[in-house]
Amino acid sequence: MQKQSYRIDNWFFVPHENRLVLDEQEILIDNRLSNLLLFLCDNPRTTLSRDEIIDHVWKGSILTDQVITQAIFELRKILKTNNQHLQGYIITVPKRGYKLDADVEVVNEAKHEPTIQSATPKILEVNTEQNNSVAAKEKVPPKQTNEDEKSATAVKPAKSVRFSSLLSMVGALIAVVVVVAFFNRSDIAKQPSVETVVYGALEPRFIEASIDNSLDNASLQNGIIFKVIEYLKYNVNYRVSFNPKDHSKAAKKLSFIVTRENGIDYVNIEYFNKISNYQHLDRKYPISEEHLKRSIKLMLDDVLDAFNIDIAKSEIDLVLREMPTEPAALALSLEAIGTLHSYDKQFDAVDLLAKALEIEPTSHYLLSMNYTYNMAIAYLGKSNLSIDSINALNSDFEKVLPLLTDSPESFKVYEAMALHALSKDLPIEAVQYLNKIPHTHNTIMTFVLRAKLAESFGNPASAEEFYYQALHESGTPRVLDIAESLLFYSDLSKMRLKLQSQLESVVEDKS
């Protein structure tokens, strides 16, 4: 039998070698993805149901929906590198299946004469042995299709199988009911959560976020999660909220599940879109100290692909480059980020950063964050630090300023330098530093510092707006404690009253 290969735009697919070639770059894929792509290539521009895919790719095995979804996701991700098709050539047809949205050219390797594959799929032969296998497993028949699909998909029905007794017949019916119930449960799992969803009110750039953490101490994992969320908020301009009162407006639902299995820690990310009622991502990422940057990059890469956002990998690398390079120092700095979001562990962040700085004393990120955190806690008044201690922090920071100013490796440097300038009563200098921070890298501290500057320039309205941005980004009124005491006292009682009255009105509405 002559071996066949396929062309999809610039892709060259060699199924018998599990190989894809693009611009002379070779990509090897596993047998699972190769069989899936082969089935799609044999049936271009044809909607194939999940049952058909299971029958012809997984030979009728009973699978969960996640297995097929994950395979489609991985194949799409590879094919999207061609930048010729927004969805990586594989289209999801809601409630019907998947379709290869491209003309496929069949290449006969013996003659090397390409011929255009017809958009109408060839008839898929099902031999008797396969039929008996399917009947033995009591597979659910493929879902009913409309007349157009019937004409486009000519799949031979399996031969009927006679049962030797009425008892066997009853057993078969029970098996069918069980399998149907299984798939129905899978469909139910993909339905939106219990909260009321108003379709026209869903905001595509609004993400409902949640963290399900089964571990007693998972500050490192939480730090990784918040780093991913930080990227989505600032670099891709998404609004992310953990507040349940906002969730009815969010079109995207991003869930992070932290688990430990056989001594290995994992972060599982699930992305569900409420507009299409479809789960686009469900993937588990092992967390180890040696591969933290790789894990974060892979998470961001997968989430952005699931969101259909095309961002160059070099841009993601740029964000991660500012983080510490030593694995132990990176782990401690991420753990510090995780503890900041835990009310009873916030002050542990300073100790963690100090340990990280001992490991990597020249890291611009750690030098800046260490100074900023210590100054914030000093002004918060919940430590034994005195004015002399604040002056000592400034003195230590001034010693490393020449190292930081030559070529800053992190935008956190400008944030720290602005804080230092304000502590020295140099507001104009502080403005210059803050203006060097791109809007995609503004953080809660950036907004607090801008609010302090607005106050020092006699503009209370702008100050309140910046304080509100800091409050909005943090998602907790506790940020007002730091904002109120940092550098000089700011009277934020009016903001607190507004928040309190809003909370009371919400309670009244519910009652």
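**A tour of a helix pair and a strand trio**

Begin by selecting helix α11 (residues 348–359) together with helix α12 (residues 364–380), which pack at an angle of about 155° with their axes 10 Å apart; axes are lines fitted to C-alpha atoms, for helices over the stretch in contact, and angles run from 0 to 180 degrees between N-to-C directions. That angle makes α11 roughly antiparallel to α12, a term used for angles over 145 degrees. This is a predicted model, in which local features need pLDDT of at least 70 and side-chain atom pairs count only at pLDDT 80 or more, while totals for chains, interfaces and linings use all residues. Residues are numbered from 1 along each chain as its sequence is written, and side-chain values use heavy atoms, with hydrogens and water left out.

Next, show the side chains at the contact (heavy atoms within 4.5 Å): from α11 come A349, V350, L353, A354, A356 and L357, and these meet L366, L367, M369, N370, Y373, N374 and I377 of α12. The residues of this contact divide into 11 nonpolar, 2 polar and no charged.

Now move to strand β11 (residues 250–261), which runs parallel to strand β9 (residues 203–213) and is joined to β9 by 8 bridges; strands count as paired if DSSP finds at least two bridges between them, and a strand is a DSSP run (E) of at least two residues, as a helix is one (H or I) of at least four. Select E203 to find its bridge partner in β11, A250.

Notes. Angles under 35 degrees count as roughly parallel, over 145 as roughly antiparallel, 65 to 115 as roughly perpendicular and the rest as oblique. Ala, Val, Leu, Ile, Met, Phe, Trp, Tyr, Cys and Pro count as nonpolar, Asp, Glu, Lys and Arg as charged, and the others, Gly among them, as polar.
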